[in-house]
Amino acid sequence: MNILLAQLIGMAGVILMVGSMQFKTKKHIMLAQLIANILYAIQYTLLGAFSASSMNIIGTIRCLTIYTHEKKLKKPNILIPILLSIITIIIGIINYKTYLSLIPLLISLSHTITAFLKNTKIYKITFLTTCIIWIYYNYSVKAFTCLIGNILEAFSTSISLHKTKKSQ
C-alpha cells in the first residue's frame with residue numbers, strides 16, 4: 001500500500017517538476033519546484049529513502065527562499081546558499097549509509113549553488129544533468145514514478161533550453 005501511495009504522490013511531483021522547466025521566470029520555476037519537492041519528500045519517506053527525502057526538504061527551503069526573493073525583486077544574501085550548503089552537507093553525512101546516499105547530497109548541492117545564480121539557463125543545464133543522475137538513483141530505490149519523471153524532466157528541460165537558444 002505504501003509503495004502505491006508513494007508512486008501516486010511521486011506522480012503529482014513529477015507533473016509539477018516537468019512543468020516547472022517550461023516557465024521563463026525563476027519565480028515561477030521555484031514555486032512549482034517548491035511544491036514538487038514537498039511531494040517528493042513524502043514519496044521518498046514512504047519508500048524509506050531518507051537521504052533523498054531530507055534533500056527534498058532542503059530543496060523546499062531553497063525554492064521558498066529564492067521564490068520569496070524573486071517575488072520581492074531582491075537579490076538573496078550570499079550567506080543563504082552558503083548556509084543551505086553547510087546544512088545539506090551535515091544532513092548528508094548524518095544520512096550516509098552507502099555511496100547511493102551521496103547522490104541526493106551532490107544533486108542538492110549543485111541545485112543550491114546554481115539556483116542562486118541570476119542566469120536561469122545555467123540552472124536549467126544543471127537540472128538536465130542531475131535528471132540523468134536521478135534516473136540511476138530512482139531505479140535503485142524503486143521510485144519508478146520519479147524515474148519516468150526524470151526522463152520526462154530531461155526532455156522538458158531540453159525543449160526549454162532549445163526554445164531559449166532559438167529566441168536569442
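**Exercise 1. Placing Thr 112**

In which helix is Thr 112 found? Work out also whether Thr 112 is buried or exposed, and which residues beyond its sequence neighbours it touches.

*Solution.* Keep in mind as you go that this is a predicted model.

- Step 1: Look up the position. Thr 112 belongs to helix α5.
- Step 2: Check the accessibility. Residues under 20% relative accessible area are called buried. Thr 112 has 0% relative accessibility, so it counts as buried.
- Step 3: List the contacts. Leaving out residues up to four places away in sequence, Thr 112 touches Arg 62, Pro 81, Leu 84 and Ser 85.
- Step 4: Tyr 123 is 11 residues away from Thr 112 along the chain, and their C-alpha atoms are separated by 9.4 Å.

**Exercise 2. The whole chain**

Describe the fold: how many helices and strands does the protein chain have, and how does its radius of gyration sit beside that of a compact globule?

*Solution.* Let us start with the elements and then turn to the overall dimensions.

- Step 1: Count the elements. There are seven helices and zero strands in the protein chain, giving the pattern α-α-α-α-α-α-α along the sequence.
- Step 2: Compare with the globule. For 168 residues, a compact globule would have a radius of gyration near 15 Å, and the protein chain agrees because its own value is 15 Å.
- Step 3: Take the dimensions. The C-alpha trace spans about 45 × 35 × 25 Å along its principal axes.
- Step 4: Look at burial and surface. Of the 168 residues, 49% count as buried. The chain exposes about 9,000 Å², with carbon and sulfur atoms supplying 76% of that area.
- Step 5: Look at contacts. Among those with a separation of 6 or more, 70% come from residues 24 or more positions apart.

**Exercise 3. The cavity**

How many cavities of 30 Å³ or more does a search of the whole structure find, and which helix gives the most to the lining of the largest cavity?

- Step 1: Search and take the volume. The search finds one cavity of 30 Å³ or more, and the largest cavity has a volume of about 220 Å³.
- Step 2: Find the centre. The lining has 22 residues, and those closest to the centre are Met 17, Asn 37, Asn 56, His 111 and Trp 134.
- Step 3: Assign the elements. Two or more lining residues come from each of α2 (26-47), α3 (50-71), α5 (102-115), α6 (120-140) and α7 (144-167). The most come from α6, with six residues.
- Step 4: Sort by type. The lining divides into 11 nonpolar, nine polar and two charged residues.

Methods
Residues numbered from 1 in each chain as written. Predicted model: local features only at pLDDT ≥ 70, side-chain atom pairs only at ≥ 80, totals over all residues. Heavy atoms only, no water. Helix = DSSP H or I, 4+ residues; strand = E, 2+ residues; numbered from the N terminus. Rg over C-alpha atoms; globule rule 2.2 N^0.38 Å. Buried < 20%, exposed > 50% of the residue type's maximum accessible area, 1.4 Å probe, protein only. Contact = heavy atoms within 4.5 Å. Areas by Shrake-Rupley, 256 points an atom, 1.4 Å probe, with all protein chains shown as cover. 1 Å grid on protein atoms, 1.4 Å probe; cavity = no way out; pocket = protein on both sides within 12 Å on 5 of 7 lines; lining within 4 Å. Points joined across faces, edges and corners; volume = space filled by probe spheres on them. Nonpolar A, V, L, I, M, F, W, Y, C, P; charged D, E, K, R; others polar.
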